[in-house]
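Hello,

Here is the structure for your files. My notes on it follow below.

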Amino acid sequence: MSRIPLKTITAAVLGAMALNAQAAEYEWTFQTSETSGEPQYEIKKAWADEVEEKSDGRIQIEILPVNAVVQANQTLQAVKSGTLQGHLTDPSYFTGQNPAFGMLGNLVGAWGDPNEFLDYMRNAGGEELYNELVEPYGLHLIGAAATGLEALPSKRPIRTVDDLKGLKLRAPEGMVYNIFEKAGATPVNLPGSEVYTALEKGVIDAADYTVFATNYKQGLYEFAPYPNYPGFHSLPMVAVSLNKEIWDSLPDDLKSMLESTVDDMADEMVAKLKELDQEAVEEVRQDPDIEIIDMSDEERAKFRNIAEEEWAVWAEKNDMTQKVYDSVVAYLKENNLM
């Protein structure tokens, strides 16, 4: 019977110890703005796995669902204080801290496709502008992602902007709320976790909530059988941010790796959510009790005109909101999107 030399055993043990030490070099907890099981949540978990793999185990990230540690609108402070090390969330939750978060997080009516938004953030100064906004709060934006255009499940058909009048519509506080109010709706500020029950009980008639496939999977069309798709209103940003002190202390190779993996994750999110939406649309079209409504270009333009009026109002709130307004409007005009 052959014996393994002691030197070989010792080398293997030391190698394993070194690997474990390396794996524990950075251990972070990120909270998201989705519940576990949602497509976006699973994509974010896959990103954490990719980071661990591409860092050779030096970075391990635990992804937690919404409200796991703090409320959705409290993650900014939690990351700054170190309660969390990072978050992947919609900046609109922090509109109360600075209205510029609401403008960059979801400039309602601005984007007809998530790739337009990602191009603006990556190549036209959007990410730099967001870091100018968020770094004083003790965070650094690694990179921006985005969902698809949100659908709008409704109990009654919304074919025109006039159909929004009097509609009790769930909307988060901030710009989304204000624009729907200006369009004649009656916004109701509810957390996303209460949308299903609120539609079921008639507390609301419609919901600015999330993408078509997720609405369908959660059963919203049972009570709101007139979804608008593609959406005409919201396209939320997903800010992937890390505590700034941690970011500043990282070596350049890990910074570059994190930035590239976030971009990969953002592209994957857009493609995957679009694929899931299209699959859900095909299924829904087989149901005679559900009517998918695609608002006409003319009516979309009317809604956007209302939105643009509100952008200008928000631009006057402070220096940063004016910078966001000027930057986005310049991009839209240069690319014939406005």
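The protein has 13 helices and 8 strands, where helices (H or I, at least four residues) and strands (E, at least two) are DSSP runs, numbered from the N terminus. With a radius of gyration of 22 Å, close to the 20 Å that the globule rule gives for 338 residues, the protein is as compact as a globular protein of that length. That radius is taken over C-alpha atoms, and the rule is 2.2 Å times the number of residues to the power 0.38.

This is a predicted model, in which local features need pLDDT of at least 70 and side-chain atom pairs count only at pLDDT 80 or more, while totals for chains, interfaces and linings use all residues. Residues are numbered from 1 along each chain as its sequence is written, and side-chain values use heavy atoms, with hydrogens and water left out.

Overall figures

Along the principal axes, the C-alpha atoms fill a box of roughly 85 × 50 × 35 Å. Of the 338 residues, 52% count as buried (buried means under 20% relative accessible area, exposed over 50%, partly exposed in between; 1.4 Å probe, protein chains only). Among contacts (heavy atoms within 4.5 Å) with a separation of 6 or more, 74% are between residues 24 or more positions apart.

Helix H7

In helix H7 (residues 175-182), the buried residues are Met175, Val176, Ile179 and Phe180. These residues are on the same side of H7, because they cover an arc of only 125 degrees around the axis, the arc being that of the directions from the helix axis to the C-beta atoms. Their cover includes helix H4 (99-105), strand S5 (168-170), strand S6 (186-188) and helix H12 (297-315). After H7 comes Gly184, which has a positive phi near 110 degrees.

Loops and the end of the chain

Gly57 is buried at a relative accessible area of 10%, whereas Asp56 is exposed at 56%. Asp56 is a residue other than glycine with a positive phi, near 55 degrees. Between Gly57 and Glu25 there are 32 residues in sequence and 8.3 Å in space, C-alpha to C-alpha.

Thr210 sits in the loop between strand S7 (206-207) and helix H9 (212-217), and counts as buried at 7% relative accessibility. Leaving aside neighbours within four places in sequence, Thr210 is in contact with Gln40, Glu150, Ala151 and Asn215.

In the loop between H9 and strand S8 (237-243) lies Pro230. The peptide bond from Tyr229 to Pro230 is cis, with omega near -10 degrees.

Asn336 belongs to the segment after helix H13 (319-334). Although not a glycine, Asn336 has a positive phi of about 55 degrees, and at 70% relative accessibility this residue counts as exposed.

Regards
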